Amino acid sequence: MTHPHLSVDPCHRSSIGPIDTPDRLLLGPGPSNAHPTVLQALARTPIGHLDPLYVELMGEVQELLRYAWQTDNRLTLPMSATGSSAMEATLANTVEPGDTVLVAVKGYFGNRLMDMAGRYRANVQVIEKPWGEAFTLDEIESGIKKYKPTILAMVHAETSTGICQPMEGVGDLCREHDCLLLLDTVTSLGGVPLYLDAWKVDLAYSCSQKGLSCPPGLGPFTMGSRAEAKLAARKDKVPNWYLDVSLLNQYWGSDRVYHHTAPVNMNFGMREALRLLAEEGLENAWARHRSNAEALWTGLESLGLELHVPEELRLPTLTTVRIPADVDGKAFSTYLLNTHGIEVGGGLGVLAGKIWRIGLMGYNSTPDNVDRLLNLFETELPRFRQNAAVAA
């Protein structure tokens, strides 16, 4: 039907060709390259989000997520949005106005937890470490005793620094002092040892695009029985309809009642990514990430480069390298991207301009990728030193 008094304005109509993106090797802080099998799954014909076959697939995704996290949590599901949605969901569902949330900040993403908790009107308290250090158990215990939080929120794998936070004993402290333990596993799921139930973690979240090697778009979320009880005891509704797990449970639980139109193809991809992880076996995947990371660390140090994190606290999935004082770090990473099609990340926050962040995650954690990157650091980096000729 046309409207006789109106005409179509063509000013925004563009004549463009089909999409054509370059092949990149993504060795930055995420995303990683998606596994070809995952990409094939994403390209399958969609089916309905209440189709019996899709409902069966939902259950498979949930069970495989439990395996990846080593948890029996009933409420384990992928949020239909990126990892930040799962991050927000952990807080939206459990924080009530006035609850004290203690955030253990040792990098950029601890600051994001603070921001999100404050938006749900929590009484946000903070303990801090320099960006490149981890908390000791005594420091965590002192913070819990001082602030008496309802929730302790912390990052397991801090993407901004390359720190892996030791978790032994933290969950026991939280149980002893009657607070929930909320853990960011964005850069550890699939690549770093994770034992949510053994560590007594009550809430956790992750993403699809790092250790799982699925494109960004889903946010794995899990909630244990203690967190479920906190949700059930709320005095008012969860202040975020889309992320309300009491509603999502009716879709992802046994009832399968419509909540939203799920991104079915993203869950096709997630299913395949998790299937591949289970096929490899967690122990093997963790060992592969560790072995390749150690080869990278040895190679970088043999080139005279300094790593930002002590070896015992380094993440196998994300390595932080200090940029030499006589090198323009941004110019070098831009050169790697434009000339060799390899992405290497820069620093965030207080580490901006001071470090490179190199990811070896999921499908990208291979000896070939380590060798390729080390070769480029050896042959190309000298050209970017200030006393060298200007790089072409």
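I take buried as under 20% relative accessible area, with exposed over 50% and partly exposed in between (1.4 Å probe, protein chains only). My helices (H or I, at least four residues) and strands (E, at least two) are DSSP runs, numbered from the N terminus.

Before I start: this is a predicted model, where local features need pLDDT of at least 70, side-chain atom pairs count only at pLDDT 80 or more, and totals for chains, interfaces and linings use all residues. Residues are numbered from 1 along each chain as its sequence is written, and side-chain values use heavy atoms, leaving out hydrogens and water.

**Strand 10**

I looked up strand 10 and found five of its five residues buried, so the rest of the structure largely encloses it. In a regular strand, side chains alternate between the two faces of the sheet. Here Gly-219, Phe-221 and Met-223 lie on one side, Pro-220 and Thr-222 on the other, and all are buried.

Next I checked its neighbours, counting strands as paired if DSSP finds at least two bridges between them. Strand 2 runs antiparallel to strand 10 (residues 219-223), with five bridges. Strand 9 is also antiparallel to strand 10, through three bridges. Phe-221 is the bridge partner of Leu-77 and also of Tyr-205. Gly-219 stands opposite Met-79.

I read the strand order as 2-10-9-8-5-3-4, in an open sheet of seven strands with mixed pairing. Strand 2 (75-79) and strand 4 (123-128) are the edges; each has a single partner strand, so one side of each lacks a neighbour in the sheet. From one strand to the next, the twist averages 15 degrees.

**Helices 10 and 12**

I then turned to helix 10 (residues 282-302) and helix 12, whose axes come within 9 Å and cross at roughly 15 degrees. The axes are lines fitted to C-alpha atoms, for helices over the stretch in contact, and angles run from 0 to 180 degrees between N-to-C directions. That makes the two helices roughly parallel (under 35 degrees; over 145 is roughly antiparallel, 65 to 115 roughly perpendicular, the rest oblique).

Contact here means heavy atoms within 4.5 Å. Among the residues that meet are Asn-292 and Leu-296 of helix 10, and Val-370 and Phe-377 of helix 12.

**Ser-365**

Last, I located Ser-365 in the loop between strand 15 (355-359) and helix 12 (367-380). Ser-365 counts as buried because its relative accessibility is 1%. Leaving out residues up to four places away in sequence, I found that Ser-365 touches Arg-288, His-289, Asn-292 and Leu-360.
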